[in-house]
Amino acid sequence: WTSKQSEWISDVSRQPERLFMRAPAALKAGLKAGVGVPVIANGLVVAVLVFFMFKFREEETPLIRLVSSVVAQLGLVFQNKQAEEEVKQAAKEWQTTFDSVSEWISVHGKDFKIIRVNKAFATALKMNPEEIIGRYCYDVIHGEKEPSQYCSHRVVIETGKLAYREFFNPHLGIHMEVEAAPIFDESGEIIATVHVGRDITE
C-alpha cells in the first residue's frame, strides 16, 4: 500500500508472522510463492490483489509484468474517466504483455469454454488463437469429450481455491505442469479460471 509497488515473496510460509500474518495459514494450506500487486486509480492505491502458488519460486519479472498489466486495467475501471483511445491502447499493451510470456496462459469460462489464450498457448497447440477460443478446454487440450475428475478447472470451480497438477498429456505427447486460479466478479462469485501451463518434458 505504501510503496505502490508489486511485491514477490518466494515462500510465504517461511515469513515471520510479524511480517506476514497469514504465514501459519499459508503453511497449513501448502502455499509457497506469493505476489501482491496494487490497483492504482488517480494515483491512489484502492486495492491490492494477492496471488499464491503451491511451489517455491524465485521472482519472475515477465509474470509480474503480466499480472501488473491486467491489474492496471482494473485501475482504469475504478477511474472510469479514461478516453476511449487510451483504453484501446491499454488493451493493446495488455495483449502484447500477455503474448510475451513464455508460459501457456489461458482463461476458461465456467462452461469449460476457452475465453482467451496467449501466443505461447496457441503455438504449443499449433493453432491460431481464433481456432481455440470458444472451444471446450478438455477437447482442445486433452482430446476428450468431457472433463476428467482431475480437471484443474473443475477443481477450482468447485473449491474456489488454487489447483496444481503435474501429468502426462497423451493428446499432446508431453509432460505438463499446470497451475489454475479462480477469477472472481465484484460480488465474489467465480466467473472464470486462469491457467498457467508449462512443458516439463525432459
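Student: Which residue is the bridge partner of Trp8 in S2?
Tutor: Val35 in S2 is the bridge partner of Trp8. Keep in mind that this is a predicted model, where local features need pLDDT of at least 70, side-chain atom pairs count only at pLDDT 80 or more, and totals for chains, interfaces and linings use all residues. Residues are numbered from 1 along each chain as its sequence is written, and side-chain values use heavy atoms, with hydrogens and water left out.

Student: Over how many bridges do S1 and S2 pair?
Tutor: S1 and S2 (residues 34–41) pair over 3 bridges, in the antiparallel sense. Pairing takes at least two bridges found by DSSP, and strands here are DSSP runs of E, at least two residues, while helices are runs of H or I, at least four.

Student: What order do the strands of that open sheet have?
Tutor: S1-S2-S3, with antiparallel pairing. S1 (7–9) and S3 (44–52) are the edge strands, each pairing on one side only.

Student: New topic: is His195 buried or exposed?
Tutor: Buried, because its relative accessibility is 7%; the cut-offs are under 20% for buried, over 50% for exposed and partly exposed in between, with a 1.4 Å probe and protein chains only. His195 sits in strand S8 (residues 190–199).

Student: What is His195 in contact with, beyond its neighbours within four places in sequence?
Tutor: Its contacts (heavy atoms within 4.5 Å) include Trp104, Ser152, His153 and Glu179.

Student: Which residues of H7 are buried?
Tutor: In H7 (residues 152–159), they are Ser152, His153 and Val156. These buried residues pack against S4 (104–109), S6 (163–169), S7 (174–184) and S8.
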